[in-house]
Every structure is written in C-alpha cells, then in structure tokens.
Amino acid sequence: MGNERLEHFYKCLRKSRALFQSTCCLHPDASRATCNGRSRAHTIQRSAILEAIARHGHVGQLVPATERESGPGAYRYALVGINEATTFPGICNRHDSELFRPVETKPLTFAGEQVFLLGYRALLRECYTKRQAVQTVALLGAYLDRHPELKDELSDDYVEWTRLGNEHGYEDLMHHKTIYDDCWRHGNFEEIRFVAFLYDRATPILNASAFGPEYDFDGNSLQNLGDLTFVQDLITYCIWSVNGRGVALLAWHESSDKKCVPFVESLLRQPRQRLSAWLTSMAFEHSENLVFAPGWWEALSRSNRLLLENRMRGGLPSSELRRPHYLRDDGHTAISAKISRILRQPASFQL
Ligand SMILES: [Zn+2]
C-alpha cells in the first residue's frame with residue numbers, strides 16, 4: 001500500500017478500536033439481573049501494589065506509537081494514571097468486587113483460590129481484548145467493502161488473516177475460560193498448577209497476562225500458534241507483590257500440562273543468577289498489560305531500554321515470526337532483584 005493509503009488504513013483501524021471500547025461482563029453468572037455497575041476493573045490491585053511503584057499517581061508503560069511517528073509495531077514510553085493503568089471494562093463492578101475479594105483484601109499466601117484468581121483475571125482480560133479485536137476486524141472488513149478504492153491485495157490479505165487468527169484465538173481463550181469458570185463454580189482450585197519465583201526485594205515491574213507457550217527456554221518447539229486446527233495450551237503469568245517483595249507467578253490448569261510443564265521445567269533449568277532477567281524478558285515479550293516504576297525506566301541505559309522495547313514487538317503481526325531461541329538470554333541488566341526462593345504446586349512436576 002502507498003503511504004497515503006496506509007495512513008488511511010491505520011486511521012480506520014484506530015477509529016474502529018475506539019468504537020469498541022465497549023463494556024461487558026465476563027463473570028460466569030453474568031446476567032441482566034445479577035450485573036450491576038460499569039467497571040474498569042484493575043487487573044493489578046490498585047491499592048498497595050500499583051501505588052507502591054507509582055510516582056505522583058502514575059506508572060510507566062510502553063504504548064503503541066503512532067504509525068506516523070515510528071511505523072507499525074513501534075512502542076513509546078508513557079505515564080499512565082493508576083486509575084486507568086491495567087484496567088479493562090470486561091467485568092461489571094459488582095462481580096469484579098465479589099469475584100476477586102479473596103485476592104484483593106488478603107495478603108497473597110499462595111492459597112489455591114488466590115493463585116487461581118490471579119490467573120483467572122489475566123485470562124478474562126485476554127478474552128475481553130481478543131473479543132474486541134474480533135469485532136474491530138469485522139468492522140474494518142465491512143468498511144473496506146464500502147470503500148473498494150482502499151482495497152488492494154495487501155489489505156485484503158491483512159484483514160482476512162487477522163480475522164482468522166483473532167477468531168481462532170478468541171475461541172481458544174473461551175475454551176480455557178469455560179474450564180476456569182467450572183473450577184470457580186466447583187471450588188476445584190487444586191486443578192491449578194503453579195511455580196512462583198520470589199524475589200529478594202521489591203520489583204519495579206508488574207504484569208498480568210496469559211499466552212500460549214510456543215517454544216521452551218531451550219528452543220524446543222511446543223506448539224505452533226499458527227496451526228488453527230487444535231486448541232492451544234495456555235499459561236498465565238503475573239508479576240505481583242507479597243509483603244513488599246516481588247513474585248513472578250506462572251500458573252495453568254492441569255488440562256494445559258502437556259505444553260506448560262515442559263515450558264516451566266526448561267525455565268527452571270536456566271542459571272539461577274539470571275532467572276530474574278529471563279522473567280523480565282518474558283514479561284515484556286508476552287504482555288501488553290505490563291506497568292513499571294517511572295524512575296526505574298528513566299534510569300535504564302539506552303541499550304537496556306532497546307532490548308526491552310524489542311521484546312514488546314515480539315509476536316506482533318508486523319514482526320518476524322518468533323524463532324526457536326527467542327526466549328534466550330539477551331544479556332540485559334535492567335533488573336537488579338534476584339530470585340531467592342521458588343515454590344511449586346504440586347511440589348514436583350512429575351505428573
Ligand atoms: Zn456482572
């Protein structure tokens with residue numbers, strides 16, 4: 001596409017995204033009778049946890065840069081108010097308060113229900129985001145149908161492949177949501193596996209995300225995310241805080257053992273002194289729902305910033321496909337906190 005057409009194309013995309021900032025409720029018991037109140041639910045607890053890394057009520061985030069500034073797929077540093085940071089309008093106020101009370105009002109003790117809820121909330125956000133993406137692409141396709149002068153081979157392919165990928169991704173996420181909904185209904189929290197990496201101090205980064213592991217940390221293929229013929233296994237990844245110290249928590253339902261166990265086992269085989277660096281890289285690689293202390297980011301060297309910004313581009317349609325060793329240590333020195341303890345549930349992954 002020529003520059004003018006490309007600009008118009010992205011303008012349409014931005015417009016359609018804005019249209020679909022719609023609210024809904026993804027609680028398993030959502031209904032007209034039970035839902036109450038619009039919400040912009042925080043995926044990371046505002047009080048205490050977000051506030052601990054904020055400066056004057058703001059946290060740092062890498063947000064998509066405008067195409068005019070830097071081309072597609074680029075990110076820029078921005079300050080975001082903690083009332084807005086990590087929120088999504090995908091669960092009503094009443095259900096948000098009720099569902100997440102055990103993890104909002106009590107310190108994290110790694111009780112089964114708490115670990116489940118942290119992952120569940122990250123999953124609900126992914127479901128909301130993907131639902132929005134499906135609607136956006138449908139609208140964009142309809143827009144291009146009405147404006148055939150904007151159509152060419154590239155935009156047709158882009159819309160079609162994005163539609164297929166998003167629809168399949170959404171179906172996969174809803175498959176996992178059904179499993180998590182059932183766990184919640186029946187209190188089956190023992191079906192959740194996790195490994196928690198406890199830091200020796202506070203971390204400047206917080207994150208709540210869910211993704212399908214593609215390769216393990218040694219570069220072995222786990223699942224092909226481009227294969228639309230089967231349901232991808234899913235892992236949730238949160239960087240949280242417990243008693244003022246950071247914790248990186250990888251959790252999944254036992255139905256995703258096949259890919260998640262080798263993924264996590266390969267991480268546990270990496271050198272202990274570099275684990276916190278690997279965990280940071282993975283957060284930037286696999287999460288857009290990631291915030292950090294502004295002072296930490298501003299003090300990073302240019303090379304460390306570039307390495308983390310490059311991670312944010314990983315997996316985007318505008319980037320190259322991920323290569324087997326994409327999770328390999330890139331040598332960044334952005335994080336000084338070390339891993340002091342590792343908890344697993346079950347204690348061994350010999351499942
Ligand atoms: Zn509701």
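Guide: Let's start with strand S7, which is mostly covered: seven of its eight residues are buried. Buried here means that 20 or more other C-beta atoms lie within 10 Å of the residue's own; exposed means 12 or fewer, partly exposed is in between, and the C-beta atoms are placed from the backbone. Strands are DSSP runs of E with at least two residues, helices are runs of H or I with at least four, and both are numbered from the N terminus. Residue numbers count from 1 along each chain as its sequence is written. This is a predicted model, so local features need pLDDT of at least 70 and side-chain atom pairs count only at pLDDT 80 or more, while totals for chains, interfaces and linings use all residues.

S7 covers residues 235-242, and it has partners. Strand S6 (residues 205-211) pairs with S7 in the antiparallel sense over five bridges; two strands pair if DSSP finds at least two bridges between them. To spot this in the model, find Phe211, which stands opposite Ile235 in S7. S8 also runs antiparallel to S7, and seven bridges join them. There, Thr236 has Ala251 in S8 as its bridge partner. S7 and S8 form a hairpin with two residues between the strands, and in it Asn243 takes a positive phi near 50°.

Now look at what packs here. The expected span is 1.5 Å times one less than the number of residues. Which residues of H8 are buried? They are Cys260, Phe263, Val264 and Leu267. Looking down the axis of H8, you'd find these buried residues within an arc of 90°, so they line one face of the helix. (The arc is that of the directions from the helix axis to the C-beta atoms.) They pack against S7, and also against strand S5 (192-199), strand S8 (245-253) and helix H9 (275-286). Contact means that two C-beta atoms, placed from the backbone, lie within 7 Å.

H9 leads us on to another helix, as H9 is among the elements that cover the buried residues of H11, along with strand S2 (58-64) and strand S3 (75-81). H11 (residues 302-313) has twelve residues and reaches 17 Å from its first C-alpha to its last, close to the 16 Å expected at 1.5 Å a residue. Its buried residues are Leu307, Leu308, Arg311 and Met312. Seen down the axis of H11, they fall within an arc of 145°, so they too line one face. On the face turned away from that buried side, H11 carries the exposed residues Arg302 and Leu306.

Back to S7 for a moment: the loop between S6 and S7 holds Tyr215. Is Tyr215 buried, exposed or in between? It counts as partly exposed, because it has 19 C-beta neighbours inside 10 Å. Tyr215 touches Asn220, Ser221, Leu222, Pro324, Tyr326 and Leu327, leaving aside residues up to four places away in sequence. Tyr215 and Arg323 are 108 residues apart along the chain, yet their C-alpha atoms are separated by 8.4 Å.

Overall, the protein has eleven helices and ten strands, and 36% of its 351 residues are buried.

How far can you trust the picture? pLDDT is the predictor's confidence in each residue, from 0 to 100. Its mean over the protein is 88, and 87% of the residues reach 70 or more. Among the elements, helix H10 (residues 294-299) has the highest mean pLDDT (98) and helix H3 (residues 67-70) the lowest (61). Where pLDDT is low, the predicted coordinates should not be read in detail.
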